[in-house]
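Student: I am new to this structure and would like to know where some of its labels come from. Please show it to me before we start.

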Amino acid sequence: MKILLGLLGLSFLVFFHELGHFLIARAMGVTVEAFSIGMGPVLLHHRWGATDYRISLIPLGGYCSMKGEKDYRDALENKQKEIRGDKDSFYGVHPFKRLLIAFAGPFFNVIFAFVAFSIIAMMGYTYTTAGNRVLMSSDVEEFKDSESPAAEAGMKSGDIILSMDGTEVSDFTEIRQFITLNGGKTVRVKVQRENEFLEIDVPLGFDKSTGSGFMGIVWDKDSLIEKNYGPYSFFPALAQGAKESIKTMGIAVKSVGILFKGVDVTSAVSGPVRTTVMIGDMISTGFEEGARIGIINALEFLAFISISLFLTNLLPIPVLDGGLILFALIECITRRKMNPKLLYYIQMVGMVMIFGLLALAIVGDIVYFIK
């Protein structure tokens, strides 16, 4: 059941991405030959105008097939020096229009995240967390043998963390999020110790197997508190939706940067299988606590995945939307169409890169589930 929920969640994000390509392609005058919900063999279809609308067997996203997408192959076979296409084909329109069509898919992932976060803000929720008074892990029996950079730097159990590198924190959730994303850095921690205010430089540890930072602190169970988020009325909720989308984008960018710190990619990076299971697990666990929590959990996690898809697809790698955007931008600047032979070889390099990354992610998934 969890895997099915995960598949449906991930499929919806892919479908919404393809919907962006479809709508903007139509707006830019490019003929969409087929638009499918799902992949694989076609179960039902209906031609409306120039587009064949389909429902396909495998519930994994969908696709938007535009006229002339493969014109570069014809140009290659005919040894043409440029790609020629009809006025209503993908390579026949102005490169700036092609850029907008390629960008529309990732942009719709951002729109989904914005809508999801806005809905969450309108719904509102209560959550339990600990305050910002912390204990050194070395002082807690359960973790006494663990490494504690905080204790080594001079922090003590009972310290109240007020800010980290100038970023104010009010509870342990905010503290943990900051630490997770800043592993390996030395951060200036402002603490209150009884009536004294101190600033202590703490070199955060970095766990290469997870890509997460650690500080060697645990929450004080005596400081558990309940906090409310929202509910907000319509326009303030939209403002919160925008704020959370930007915040999540920043977290996602930092997460990508962490991969270049020598992290164990097969452990830290989730492939398609693990991502599907994570989505399904998050949704099902939420609904076990009630429909409201289930909806909020599902929207929040899908919004984060959607932002990640936005950033991933914008990478300037051939085959991805980012590669198409780069090629279109080059044509806009040079005012010359790219040589199809060059485009073909670049596409092949892109395919090798994508399959290489996918293979790493799948190996990581296999190792993860074996463990």
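Student: Why does E194 count as exposed?

Tutor: This is a predicted model, and the relative accessibility of E194 in it is 71%. Exposed means over 50%, so E194 counts as exposed. E194 sits in the loop between β7 (186–193) and β8 (196–203).

Student: Why is D165 called partly exposed?

Tutor: D165 has a relative accessible area of 36%. Buried is under 20% and exposed is over 50%, with partly exposed in between; therefore D165 is partly exposed. Its place is the loop between β5 (160–164) and β6 (167–168).

Student: What is said about phi of D165 and of E194?

Tutor: Phi of D165 is near 55°, a positive value in a residue other than glycine. For E194, phi is also near 55° and positive, again in a residue other than glycine. Most residues other than glycine have a negative phi.

Student: What makes S306 buried?

Tutor: The relative accessible area of S306 is 0%. The cut-off for buried is under 20%, so S306 is buried. This residue belongs to helix α9 (residues 291–313). Leaving aside neighbours within four places in sequence, S306 is in contact with L13, N109, F112 and A113.

Student: Which peptide bond is cis, and what is its omega?

Tutor: The bond joining G230 and P231 is cis, with omega about -5°. P231 lies in the loop between β12 (224–229) and α6 (234–258).

Student: Where is confidence lowest and where highest?

Tutor: Confidence is lowest in helix α7 (residues 265–268), with a mean of 53, and highest in helix α3 (residues 95–123), at 95. The protein chain averages a pLDDT of 83.

Note on methods: Residues numbered from 1 in each chain as written. Predicted model: local features only at pLDDT ≥ 70, side-chain atom pairs only at ≥ 80, totals over all residues. Heavy atoms only, no water. pLDDT = per-residue confidence, 0-100. Helix = DSSP H or I, 4+ residues; strand = E, 2+ residues; numbered from the N terminus. Buried < 20%, exposed > 50% of the residue type's maximum accessible area, 1.4 Å probe, protein only. Contact = heavy atoms within 4.5 Å.
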